[in-house]
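New page in the notebook. I'm opening the model and jotting down what I look up as I go.

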Amino acid sequence: MAVFLALGLNLKPGDIPSPFINKPAPTFSAAKLDSPEEKLSPNDLKGKVWLFNVWASWCVSCRAEHAILNALAQQQQAAVIVGLNYKDEPSDAKNWLQNLGNPYNVSVMDREGRIGIDWGVYGVPETFVIDKKGLIRYKHTGPVSADDVQQIFLPLLSQLQAESE
Amino acid sequence: MKRLLVLFLFTLSTFCFAVDYRQLPTPEMQETYESLITELRCLVCQNQTIADSNAELADDLRRQVSEMLQQGKSKEDIVRFMTDRYGDFVLYKPPFKTKTGLLWLGPAAFLLIGLIVIFFYIRRKQSAAKTIFSAEKERKIRSLLLEKSGQNKKGDTF
């Protein structure tokens, strides 16, 4: 009984395992936030290691995460950071980036949350790491902390950079 | 007054069921839709199905279910679509797998353990009761009892 209790107390029910690990990133063709007439698809990023960060201007914990992403963007030149602006007003989203800084190489819009469903997103923020072959290698639910960057993201990114295409 | 208040409180509870309002073109689709949304979990609130939850994600997932049904997708297609994206956790009733074995067999195993414990407990008690008196003493008791029942003519009122 005590063993079950101890196990249960240490589980995090908020962390739902993603069925996408080591599977190809779901495809989409989405309008860019800065220039809606241009589209971006995961195929355009083949051969690169990239982060896919789901964010929104209405999301409170994204604010906490934002400074850390800004720092990561400065530090890690090698990884492309793509933002998925999830169920947001484009004008709010642009203001947000203007005020808080823009860590994203590019952000695409998902106003109806359809790309979110395809990626199994159930909360914002979420961050995926995609390798050069276009496979999802890691998913982080909730805001990325400075510790997560040091302990998880940086080691993983350099490992993935070293892999061949 | 008190009665009125109670009645008022009861009517409040009915609003809780008014989360969903989608109407699908055919009764069969509507039926599948309604059964599906009570089987899929809202991943934000976790302990609610997407039929019960008014979280935005639940609404998006209901939209997804209704659109897929109208595209002619079957129930199995939709369940697969959801588990491909959200994993088995999206199912309110988890499938039987090695990972969920403990969940499904746990209660039965505990019942079995309980029954075994009770079985041995009773057997020990019985054998303990049997050896309280020696064979000689038991004969004595029996003869005394017989004597007693002989006095009560009907023999059934100890």
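How many bridges join strand 3 to strand 4 of chain A, and do they run parallel or antiparallel? I found six bridges between strand 3 (residues 50-55) and strand 4 (residues 80-86) of chain A, and the two run parallel. Strands here are DSSP E runs of at least two residues, helices are H or I runs of at least four, and both are numbered from the N terminus. Two strands pair if DSSP finds at least two bridges between them. I also looked up Trp55(A), and its bridge partner in strand 4 of chain A is Asn85(A).

A note on the source: this is a predicted model, where local features need pLDDT of at least 70 and side-chain atom pairs count only at pLDDT 80 or more, while totals for chains, interfaces and linings use all residues. Residues are numbered from 1 along each chain as its sequence is written, with chains lettered from A and ligands numbered from 1 in the order in which they are written.

Next I looked at the sheet. It is an open one of five strands in chain A, with order 5-4-3-6-7 and mixed pairing. Strand 5 (106-110) and strand 7 (136-141) of chain A each have a single partner strand, so one side of each has no neighbour in the sheet.

Then I went through the whole chain. Chain A has five helices and seven strands, in the pattern α-β-β-β-α-β-α-β-α-β-β-α. I noted a box of roughly 60 × 40 × 30 Å for its C-alpha atoms, taken along the principal axes.

Last, I checked the contact between chains: twelve residues come from chain A and twelve from chain B, where contact means C-beta atoms, placed from the backbone, within 7 Å.

Key: Contact = placed C-beta atoms within 7 Å.
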